[in-house]
Amino acid sequence: MRRVYLDHNASTPVHPDVLAAMMPYFSERFGNASSIHGFGREAREGIDVARESIARFLAVTPDEIVFTSGGTESDNLAVKGVAGARPGGHIISTVVEHHALLRTCQALEKSGHAVTYLPVDGDGLVDPDDVRRAVRPDTILISIQTANSETGTLMPFAEIGRIAAERNIPFHADGVQTFGKIPISPRETGLTLMSMSGHKIYGPKGIGALYIAKGTRMVSVQHGGDHERRRRAGTEHVPGIVGFGKAVELRALHMAEEALRVTGLRDRLWEGVRRSVADVRLNGHPTRRLPGTLNMSFRGIEAEAIILGLDLKGIGTSAGSACTSGSIEPSYVITAMGIPVDWALGAVRTSLGASTTMEDIDYVLDVLAPLVRKIRAMSPAGAA
């Protein structure tokens, strides 16, 4: 049976060159990077090279890159770090952020901070004017994602960055879904902090980074040694950091070409679905979207049935809804866009990547249309 992986927004396979770069740091270069002997210096050199690679990719300085365990920790460090330096302040975010950001803000509300969660329009975009109007004298941080992981909609982060700069407010973005997929310059877009993750760009899991602009006032949220310039204590995950750095080097070489290719495949998939399936809609902005992301709603059926049906045919996708205690709830991202429940429950996300081929897309199209018809015929609505 053919196997087609269309869940690259969730995770990507480790590139063979990344794995090869990591392997020595599990064996002969195993030293603790904080040790001053030769073994430690070998490990430290691997970290330094990776930090320089990421900084070069972002056009920032190496000392502005702090390694973390991934996007979730980076979001926590950014928001809690800034909030800790300004107790009781006001934060601006949106209703469609990743849970790593939303739940961090919710935790800060319990400790005395105020948070404004801005709405989005039918395409999933936040209005920069809403950001401007939400600013208060006590606003200490604006934290808005660069792109949504479910719909792929690209937020107007450059415009938001200008608003933040005009008012001298730190601007953090969860950049996990855009980093390594489209060009982003933190300095040109006014970002003070940006979260990144390794496993979204063919690097290993368990490693990420946070860009922190020089002069940013923040406190540490994890205490211990002097690692990462006292921003994040803990012995460094050297193999992961080395792999992350190598993955970024490869992104610098292949990002533009891959973005163009997967955009064409994504559009081929959407056009094929639109022609062959009734009652289907695109979720997210039609053009202002990540290259490989396509979120579709199939009216009147649950996404879980489609996901499982595709899985039986060797196709891996994901749903825009979560299964909790045996009941299906529509995605908070999709419903925040004003999409009715009978459409929102049928939201399916496909996210393409380096391994995706035209033959894969054609196979999915061959499978999907009859699957949707079969599910609808079996449903109470379809049988009525």
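**Exercise 1. How much space lies in the largest cavity? Find its lining as well.**

Solution. Start with the source. This is a predicted model, in which local features need pLDDT of at least 70, side-chain atom pairs count only at pLDDT 80 or more, and totals for chains, interfaces and linings use all residues. Residues are numbered from 1 along each chain as its sequence is written, and side-chain values use heavy atoms, with hydrogens and water left out.

Step 1. On a 1 Å grid over the protein atoms alone, a cavity is a set of points where a 1.4 Å probe fits but cannot get out. A pocket is an open set with protein on both sides within 12 Å along at least five of seven lines. Lining residues have an atom within 4 Å of a point. Grid points are joined across faces, edges and corners, and a volume is the space filled by probe spheres set on the points.

Step 2. Count. The rule gives 2 cavities of 30 Å³ or more.

Step 3. Read the volume. The largest cavity holds about 150 Å³.

Step 4. List the lining. It has 16 residues, and Lys 181, Glu 258, Val 262, Gly 292 and Leu 352 are closest to the centre. Helix α7 gives the most, with 5 residues. Helices (H or I, at least four residues) and strands (E, at least two) are DSSP runs, numbered from the N terminus.

Step 5. Sort the lining. The largest cavity has 7 nonpolar, 5 polar and 4 charged residues in its lining. Ala, Val, Leu, Ile, Met, Phe, Trp, Tyr, Cys and Pro count as nonpolar, Asp, Glu, Lys and Arg as charged, and the others, Gly among them, as polar.

**Exercise 2. Describe the second largest pocket.**

Solution. Step 1. Its volume is about 210 Å³.

Step 1. The pocket is lined by 14 residues, with Asn 168, Ile 169, Pro 170, Phe 171 and Thr 192 nearest its centre.

Step 2. β5 (139-143) and α6 (157-166) each supply at least two lining residues.

Step 3. The lining of this pocket splits into 6 nonpolar, 6 polar and 2 charged.

**Exercise 3. What is the strand order in the open sheet of 7 strands?**

Solution. Step 1. The order is β2-β8-β7-β6-β5-β3-β4, with mixed pairing. Two strands pair if DSSP finds at least two bridges between them.

Step 1. Find the edges. β2 (65-68) and β4 (114-118) each have a single partner strand, so one side of each lacks a neighbour in the sheet. The twist averages 20 degrees from one strand to the next.

Step 2. Check one pair. β3 (residues 90-94) runs parallel to β5, joined by 3 bridges. Ile 92 has Ile 142 in β5 as its bridge partner.

Step 3. α6 lies across β5 and β6 (171-174), at about 160 degrees to β6. Axes are lines fitted to C-alpha atoms, for helices over the stretch in contact (heavy atoms within 4.5 Å), and angles run from 0 to 180 degrees between N-to-C directions.
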